[in-house]
Amino acid sequence: MSMHASTQSTEPAAGAIDLRRDRASGTGVARRDRYDMATIALHWAIAILVVTLLCTGWYMVGVPKLTPARGFWYNLHKSLGIVTAGLIVILIARRSFRSAPALPATMAGWERRAAHANHLAFYVLMVLSTAAGYVTSSFSRFGPKLFGIPLPHWGWDDVAQRTQYANAHRVITWIFAVLIVVHVAAALKHLLVDRDGIVARMLPGR
Ligand code: HEM
Ligand code: HEM
């Protein structure tokens, strides 16, 4: 029997049941079955920024060297990357005070383990990709900049070091990109096949 069929017959989706209980309780004490607004806002802001960083990163490395266009794209990429790093720090701080809502019992053991592993990997990758990007630009004479404001250099102008960190930044961001495809595919499966309310937990709403 498909998961889809089960949501239409005797076993409604766990997420849907939980939401109804929340509203029916009338106690004002919300059950922790969805993410809070701050986490949702941070998730989507970071998601949009990370996709933008992947696109600008892949594009800018092909722009001819020492042209104004390359300078524009590199500065935009570095600035957005540093803004993303700030949001990641806030998200990690927020998540260390507030745990994620429990996954519904309808999810198989391997699915829960995969979801936890994916989310943990994202936290590690978010930190590593921004740190590697910052260090890469630190070993360049152009340095890390936030919309024109020069930030502390963690290195010096050194092409060998820069290449080494740029390679690390490339590998880390490629792993990140592959896991984003897996994450989005899993979200679409929950939305369209399982219909278990998982995606709604990460969307604004009651
Ligand atoms: C592109 C960059 C993205 C990053 C870095 C990212 C990161 C994350 C992380 C770290 C979590 C776990 C939150 C936690 O429990 O601590 C999460 C959850 C989630 N993400 Fe994303 N995400 C991205 C894109 C997307 C997209 C495009 C979608 C939808 C199509 C999506 C849908 C979700 C959903 C539904 C959850 C909640 C899963 C649950 O209820 O347990 N994410 N994401
Ligand atoms: C989540 C955060 C980030 C993502 C996903 C990301 C993504 C990328 C990608 C895909 C590339 C192209 C790699 C290649 O094909 O060679 C790139 C290059 C680069 N990124 Fe990032 N980046 C991030 C954060 C940052 C930050 C915070 C900085 C600096 C403050 C930065 C600085 C650079 C630099 C200098 C390059 C060029 C390296 C070279 O010339 O080979 N990135 N980034």
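How do the residues of the shell around ligand 2 divide into nonpolar, polar and charged? They split into 11 nonpolar, 11 polar and two charged. Keep in mind that this is a predicted model. The chain has 206 residues, of which buried ones make up 18%, and its secondary structure comes to seven helices and two strands.

**The chain as a whole**

- Reading from the N terminus, the elements go α-α-α-α-α-β-β-α-α.
- Take the contacts between residues at least 6 apart in sequence: 66% of those join residues at least 24 apart.

**Around ligand 2**

- There are 24 residues around ligand 2, and L53, G57, G81, G133 and A166 come nearest.

**Around ligand 1**

- Ligand 1 has 20 residues around it, with A47, A100, H119, A187 and M202 coming nearest.
- The elements that put two or more residues into this shell are α3 (37–60), α5 (109–138), α6 (159–194) and α7 (198–201).
- Helix α3 supplies the largest share of the ligand 1 shell, at five residues.
- By class, that shell holds 15 nonpolar, three polar and two charged residues.

**A look at α5**

- Helix α5 has 30 residues, so at 1.5 Å a residue it should span 44 Å; its end C-alpha atoms sit 43 Å apart, which agrees.
- The buried residues in α5 are M126, S129, T130, G133, Y134, V135, T136, S137 and S138.
- Those buried residues pack against α4 and α6.
- G133 of α5 turns up on two counts: it is buried, and it is one of the residues that come nearest to ligand 2.

**Where α4 meets α5**

- Two packed helices are described by the angle between their axes and the distance between the axes.
- For α4 and α5, the axes come within 10 Å and cross at roughly 145°, and the crossing is left-handed.
- On the α4 side, the contact is made by K78, G81, T84, A85, I88 and I92; on the α5 side, by Y123, M126, V127, T130, G133 and S137.
- Sorted by class, the residues of this contact come to six nonpolar, five polar and one charged.
- G81 of α4 and G133 of α5 both belong to this helix contact, and both are also among the residues that come nearest to ligand 2.
- M126, T130, G133 and S137 of α5 take part in the contact with α4 and are buried as well.

Notes:
Residues are numbered from 1 along each chain as its sequence is written. Chains are lettered from A and ligands numbered from 1 in the order in which they are written. This is a predicted model: local features need pLDDT of at least 70, side-chain atom pairs count only at pLDDT 80 or more; totals for chains, interfaces and linings use all residues. A residue is near a molecule or strand if its C-beta atom, placed from the backbone, lies within 6 Å of it. Helices (H or I, at least four residues) and strands (E, at least two) are DSSP runs, numbered from the N terminus. Ala, Val, Leu, Ile, Met, Phe, Trp, Tyr, Cys and Pro count as nonpolar, Asp, Glu, Lys and Arg as charged, and the others, Gly among them, as polar. A residue is buried if 20 or more other C-beta atoms lie within 10 Å of its own, exposed if 12 or fewer, and partly exposed in between; C-beta atoms are placed from the backbone. Two residues are in contact if their C-beta atoms, placed from the backbone, lie within 7 Å. The expected span of a helix is 1.5 Å times one less than its number of residues. Axes are lines fitted to C-alpha atoms, for helices over the stretch in contact, and angles run from 0 to 180 degrees between N-to-C directions. A crossing is left-handed if the near helix is turned anticlockwise from the far one by less than a right angle, and right-handed if clockwise.
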